[in-house]
Amino acid sequence: NLILHPKSQGSAREWPLAHYIELVKSLDPEKFKLFISGVKKERELMGPLFDAVGHLVTDITGMMSLSQFISFIDQCNGMLSCSTGPIHIAATLGKDAMGIYPPMRPIHPGRWRPLGKKVRVFVEEKDCSACRKFSGSCACIENITPAMVKKYLDEIATGNRSW
């Protein structure tokens, strides 16, 4: 059971919805039960995602209080997200917490990565500030491919990942 949390209410650089779509399409539904989470007002922003892969995911956006969502995270195996509160909750609960970050100070994973035994951060290994003043797309985030994330998820699913 894997939660995908695509949005951040504008607090982080976000992985493109097209990447989430590609990832969902590439994952084996026999191995992964996928849930899409977010706050109610983000549901409309994720329309293209649900249009493309709604039949492959369970939409839980805006359906739970914070305490219910924390309990739900605790019942799942992991979460994939950009730098948001839920990824920190997942890490604290000992879940596979996979975060996607830009290599830009001060929002880089050196400062904001989740803490926990089962944390994996996806970040380009470079120092970059090319999009510092632009809050839209981020090339460094876009360069983290769905194939990279899928490879890691497949390692977890097959037990080839040791902590």
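This is a predicted model: local features need pLDDT of at least 70, side-chain atom pairs count only at pLDDT 80 or more; totals for chains, interfaces and linings use all residues.
1. Leu 66 is exposed, at a relative accessible area of 58%. Leu 66 belongs to helix H3, which spans residues 66-75. Together with Ile 70 and Leu 93, Leu 66 makes up a nonpolar patch on the surface. The accessible area of these three residues together is about 240 Å².

2. Which residues of H3 are buried? They are Phe 69, Phe 72 and Ile 73. These residues lie on the same side of H3, because the arc they cover around the axis is only 100°. The face turned away from that buried side carries Ser 67 and Gln 75, both exposed.

3. Setting aside neighbours within four places in sequence, His 5 is in contact with Tyr 20, Ser 37, Gly 38, Phe 69, Met 79, Leu 80, Ser 81, Cys 82, Thr 84 and Pro 86. Among them, Phe 69 is one of the buried residues of H3.

4. One joins the side chains of Lys 7 and Glu 14, with a distance of 3.1 Å from N to O. Lys 7 is buried, at a relative accessible area of 14%, whereas Glu 14 is partly exposed, at 26%.

5. A further salt bridge pairs Arg 43 with Asp 59, whose closest N and O atoms are 2.5 Å apart. What parts of the chain does this pair tie together? Arg 43 lies in the loop between E2 and helix H2 (47-53), while Asp 59 lies in strand E3 (residues 57-59), so the bridge ties together parts that are 16 residues apart in sequence. Arg 43 is partly exposed, with a relative accessible area of 32%.

6. Lys 151 and Glu 155 form a salt bridge in which the closest N and O atoms are 3.0 Å apart. Both residues lie in helix H7 (residues 146-157); they are four residues apart, and therefore about one helical turn separates them. Is Glu 155 buried or exposed? Glu 155 is buried, at 18% relative accessible area, while Lys 151 counts as exposed, at 55% relative accessibility.

7. Some remarks on the whole chain follow. The secondary structure of the protein chain consists of seven helices and six strands. From the N terminus on, these elements run β-α-β-α-β-α-β-α-β-α-β-α-α. The protein chain has 163 residues, of which 45% count as buried. Of the contacts with a separation of 6 or more, 57% are between residues 24 or more positions apart. The protein chain exposes about 8600 Å², with carbon and sulfur atoms supplying 51% of that area.

Terms used. Residues are numbered from 1 along each chain as its sequence is written. Side-chain values use heavy atoms; hydrogens and water are left out. Patches are made of residues with over 30% relative accessible area and no salt bridge: like charges are joined within 9 Å, nonpolar side chains (Val, Leu, Ile, Met, Phe, Trp, Tyr) within 5 Å. Accessible areas come from the Shrake-Rupley method with a 1.4 Å probe; for residues, only the protein chains shown count as cover. A salt bridge is a side-chain nitrogen of Lys or Arg within 4 Å of a carboxyl oxygen of Asp or Glu. Helices (H or I, at least four residues) and strands (E, at least two) are DSSP runs, numbered from the N terminus. Buried means under 20% relative accessible area, exposed over 50%, partly exposed in between (1.4 Å probe, protein chains only). The arc is that of the directions from the helix axis to the C-beta atoms. Contact means heavy atoms within 4.5 Å.
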